[in-house]
Amino acid sequence: MRVQYFLIAFLLSMIMWVLSFDATRDAYHAAEYAHVIPNEHIRARLSHIL
């Protein structure tokens, strides 16, 4: 019975982690698209060229 509780808690925590990761990633991309934060990939490439 304890193994089932552990498995349920583990699966719920993994679902919550994935949902929070997706929400954070979507918010970051939306902020990048709105030019609120700079695109770090472009900045890194320009620093190597210059």
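Trainee: Where is Ile 37 found?
Mentor: In this predicted model, Ile 37 sits in the loop between H1 and H2.

Trainee: Is Ile 37 buried, exposed or partly exposed, and why?
Mentor: Its relative accessibility is 29%, so Ile 37 counts as partly exposed. The limits for that class are 20% and 50%.

Trainee: Which residues does Ile 37 touch, not counting residues up to four places away in sequence?
Mentor: Ile 37 touches Tyr 28, Ala 31 and Glu 32. Of these, Glu 32 is a residue of helix H1.

Trainee: What about Glu 32 itself, buried or exposed?
Mentor: Glu 32 is buried, because its relative accessible area is 15% and the cut-off for buried is under 20%.

Trainee: Which residues is Glu 32 in contact with, leaving aside its neighbours within four places in sequence?
Mentor: Glu 32 is in contact with Ile 37, Pro 38, Asn 39 and Glu 40.

Trainee: Stepping back, how many helices and strands does the chain have?
Mentor: The chain has 2 helices and 0 strands. Helix H1 runs over residues 2-33.

Trainee: What should H1 span, and what is the distance between its end C-alpha atoms?
Mentor: H1 has 32 residues, and at 1.5 Å a residue it should span 46 Å. The expected span uses one less than the number of residues.

Trainee: What is the phi of His 35, which follows H1?
Mentor: The phi of His 35 is positive, near 60°.

Trainee: Changing topic, how many aromatic pairs does a search of the whole structure find?
Mentor: The search finds 1 aromatic pair. It is formed by Trp 17 and Phe 21, and it is stacked, with 5.4 Å centre to centre and 10° between the planes.

Trainee: How are Trp 17 and Phe 21 placed along helix H1?
Mentor: They are 4 residues apart in helix H1, so about one helical turn separates them. Phe 21 has a relative accessible area of 41% and is therefore partly exposed.

Trainee: Which residues form the nonpolar patch on the surface?
Mentor: The patch consists of Phe 6, Leu 7, Phe 10, Leu 11, Met 14, Trp 17, Val 18 and Phe 21, with about 830 Å² of accessible area together. One of them, Val 18, lies in helix H1 and counts as partly exposed because its relative accessibility is 39%.

Trainee: And what about salt bridges, how many does the structure hold?
Mentor: The structure holds 1 salt bridge. The side chains of Asp 22 and Arg 25 meet in it, at 3.4 Å from N to O. These two residues are 3 residues apart in helix H1, so they too are separated by about one helical turn.

Trainee: Finally, what share of the chain do buried residues make up?
Mentor: Buried residues make up 4% of the 50 residues. The chain exposes about 5000 Å², and carbon and sulfur atoms supply 72% of that area.

Conventions: Residues are numbered from 1 along each chain as its sequence is written. This is a predicted model: local features need pLDDT of at least 70, side-chain atom pairs count only at pLDDT 80 or more; totals for chains, interfaces and linings use all residues. Side-chain values use heavy atoms; hydrogens and water are left out. Patches are made of residues with over 30% relative accessible area and no salt bridge: like charges are joined within 9 Å, nonpolar side chains (Val, Leu, Ile, Met, Phe, Trp, Tyr) within 5 Å. Accessible areas come from the Shrake-Rupley method with a 1.4 Å probe; for residues, only the protein chains shown count as cover. A salt bridge is a side-chain nitrogen of Lys or Arg within 4 Å of a carboxyl oxygen of Asp or Glu. Buried means under 20% relative accessible area, exposed over 50%, partly exposed in between (1.4 Å probe, protein chains only). Rings of Phe, Tyr and Trp (its six-membered ring) pair if their centres lie within 6.5 Å; planes under 30 degrees apart count as stacked, over 60 as edge-to-face and the rest as tilted. Contact means heavy atoms within 4.5 Å.
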